[in-house]
Amino acid sequence: MTVKETYKKKTRKLGVVTITVKKITKPEQTENPVITNPPVKTETPATDNPTASPDITKAPEATATTAPSKEPAKPQIFYANHFDDGELQGINARGSSLDISKDENHTDGGQQCLAVSGRTAGWHGAQMELAGMVKVGETYRICSWVKQKSGAKENISMTISYKSDGTDHYDGVAGQGMEVENDTWTKLEGNFTIPANEGSLILYWESTSSTTLDFYIDDVELEGVPSDSVASKYTPDNETYAEMKENSVLSTGNNARIKQVIEKARAGEDVTLAYIGGSITEGALASPNSKCYAEASASAFASTYGKDGGSNVHFVNAGMSGTPSSLGIIRYDRDVLGQMTAGSRPDILFIEFAVNDYEECTAGGAYDGMIRRALKSGSAVVLIFSLFKSGRVLESTYKPYGAHYDLPMISMGDAIEKHFKTLGKPFGDWYFGDSLHPNNTGHKLMSDCIMTLFDKIDKEEAEADNIDSSNLPEPQNKMADSYTDIQMIDPNTDITKINAITSLNAGSFSENDGNTGTFQYSYKGQKGQAWFPNNWMHKAASGADSFTAKVKCKTLMVIYKLSSSTTTGSIDLYVDGEKKQTLSGYNKSGWNNATPAVIFCDSEAKEHTIEIKMAEGSENKEFTLIGLGYSE
């Protein structure tokens with residue numbers, strides 16, 4: 001083994017609208033390259049060559065030289081997506097769910113199309129960002145084919161939204177309310193001249209006749225003069241890509257548990273890989289969600305090490321957008337163990353919270369507790385350090401946790417940061433889908449980095465397990481054991497089976513909030529499942545009765561919803577009659593996301609009386625208690 005920077009790195013080397021509607025006439029498959037998420041490249045404009053002064057020794061001649069004019073760019077099909085490769089190529093969900101369907105297809109010789117489902121509002125559908133791909137003032141042909149199978153005629157529209165002079169515009173490209181016959185592919189096509197806009201230019205598909213209509217999209221084409229950036233799209237060469245994978249492996253750690261998992265998989269035994277983290281793990285900007293690094297790496301593991309096509313390798317995604325490790329540890333039983341189809345604990349747990357834990361309420365105690373919980377159960381643990389465009393967040397804080405337990409660690413900062421700093425936006429657009437999340441190529445790189453880690457461990461000499469599951473080493477964070485075994489309760493919990501809860505009365509918090517966010521992946525095999533379907537909500541007319549509970553535990557946390565609605569108020573929280581804190585459910589940046597807060601954290605379990613009531617001035621406002629977390 002070698003040690004570097006105090007961390008073991010055994011394997012590391014240093015507009016105008018025209019409308020055309022046609023019924024099925026299948027076009028030939030285009031040979032033009034597909035370009036998505038193009039980077040913007042600033043180029044110095046060409047200038048004329050200077051004209052030489054006339055030679056005064058000769059008779060002056062009325063001649064002048066000018067630079068040859070640049071040949072105008074020619075229109076071309078610069079974006080063509082037939083979905084047969086399973087890639088959405090910049091198309092994202094718009095309040096709905098997107099999947100690649102093998103049941104329907106429009107293209108001659110094709111096999112798949114895009115399926116839009118889970119719509120609950122007229123504007124829900126699919127969308128793609130055109131900014132960076134097109135030029136203001138140029139006219140483009142925009143074409144797609146759509147199909148629906150409702151049993152009746154329905155309207156489907158293709159629209160472009162943008163902002164100009166502070167005003168939002170919604171311009172139809174292929175009609176507002178186009179009639180689409182049942183079970184018939186219909187062509188939506190129009191010419192659109194790109195107007196001056198304020199940065200974002202979104203093409204989207206919706207149904208104006210039904211808020212719940214499922215429909216299909218195929219053969220999306222953009223034709224015209226592409227932006228300069230399309231022609232200069234960055235793609236790393238093989239050497240650079242290999243270097244990024246190599247550099248990502250911060251440590252292979254103690255290899256005993258992962259080598260055992262690999263051997264189990266090869267032998268055909270059931271193996272489960274589980275991933276817990278924030279929006280990157282949930283698969284934000286991965287299109288479709290199956291392209292997220294978690295599912296992609298689990299599938300790659302299955303095909304590389306599994307038996308009979310990898311059917312013995314199982315996968316659990318427990319990512320949740322905008323959430324820290326303190327909420328992750330509360331959700332652990334429900335969202336990790338509760339989703340497993342084989343075994344009693346994950347064989348490998350990937351933890352990805354380094355970009356979500358800034359000012360997290362347990363100051364790293366929950367992060368360490370999650371590591372200890374998994375290690376105690378016998379799981380192998382891998383730490384993944386993601387990063388934002390602005391840089392790394394808590395990687396330097398959490399690296400010592402991995403070193404303390406001698407864990408494998410992946411650093412995406414080490415993988416890409418030097419290339420991003422050198423190349424700037426072209427590289428950023430290759431890896432990132434926005435300022436926070438990787439796009440499909442970024443998720444693919446994360447998956448490949450994980451597989452590089454597995455390959456290195458597979459080739460190493462086996463080590464003895466350095467962790468005694470029944471007698472863990474001292475925690476890295478002194479508060480870790482206060483959170484290691486924390487459990488969650490909500491209105492669906494049978495408190496008669498929980499010794500820590502003597503009594504509970506919801507009082508005026510007796511309503512249910514149906515707007516607490518939904519999983520981007522299929523949760524327990526179901527799409528569009530709510531993050532927290534069971535909760536305690538106080539509405540404006542609910543009254544003034546307090547939420548009360550008697551609990552016997554050493555640690556107690558509350559999970560509540562943050563909303564940007566001004567109808568949301570605050571609560572006062574009392575422990576044994578003493579006011580401890582006021583929590584506001586209003587946050588101008590809130591988006592119905594869940595956030596945890598520590599009520600108390602003692603060294604030993606004691607009985608306490610908990611009271612929660614609307615704060616003064618908030619009696620006629622809303623507040624949603626999502627759940628409680630407790631540790632005995």
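Biologist: What does the secondary structure of the protein chain come to?

Modeller: Eleven helices and 29 strands. Bear in mind that this is a predicted model. Of the chain's 632 residues, 54% count as buried.

Biologist: Take helix α7, residues 365-377. How do you know that its end-to-end span agrees with its number of residues?

Modeller: Count 1.5 Å times one less than the number of residues. With 13 residues, α7 should span 18 Å, and its end C-alpha atoms sit 18 Å apart, so the two agree.

Biologist: What happens just after α7?

Modeller: G378 takes a positive phi there, about 105 degrees.

Biologist: Now the largest cavity. Why is it called a cavity and not a pocket?

Modeller: Because a 1.4 Å probe fits inside a cavity but cannot get out, whereas a pocket is open. The largest one holds about 100 Å³ of space.

Biologist: Which residues lie nearest its centre?

Modeller: N254, R257, A380, V381 and L407, out of 14 lining residues. Helix α3 (256-266) and strand β20 (380-385) each supply at least two residues of the lining, with α3 giving the largest share, three.

Biologist: How does that lining divide into nonpolar, polar and charged?

Modeller: Nine nonpolar, two polar and three charged. Ala, Val and Leu count as nonpolar and Arg as charged, so A380, V381 and L407 go in the nonpolar group and R257 in the charged one.

How values were computed. Residues numbered from 1 in each chain as written. Predicted model: local features only at pLDDT ≥ 70, side-chain atom pairs only at ≥ 80, totals over all residues. Heavy atoms only, no water. Helix = DSSP H or I, 4+ residues; strand = E, 2+ residues; numbered from the N terminus. 1 Å grid on protein atoms, 1.4 Å probe; cavity = no way out; pocket = protein on both sides within 12 Å on 5 of 7 lines; lining within 4 Å. Points joined across faces, edges and corners; volume = space filled by probe spheres on them. Buried < 20%, exposed > 50% of the residue type's maximum accessible area, 1.4 Å probe, protein only.
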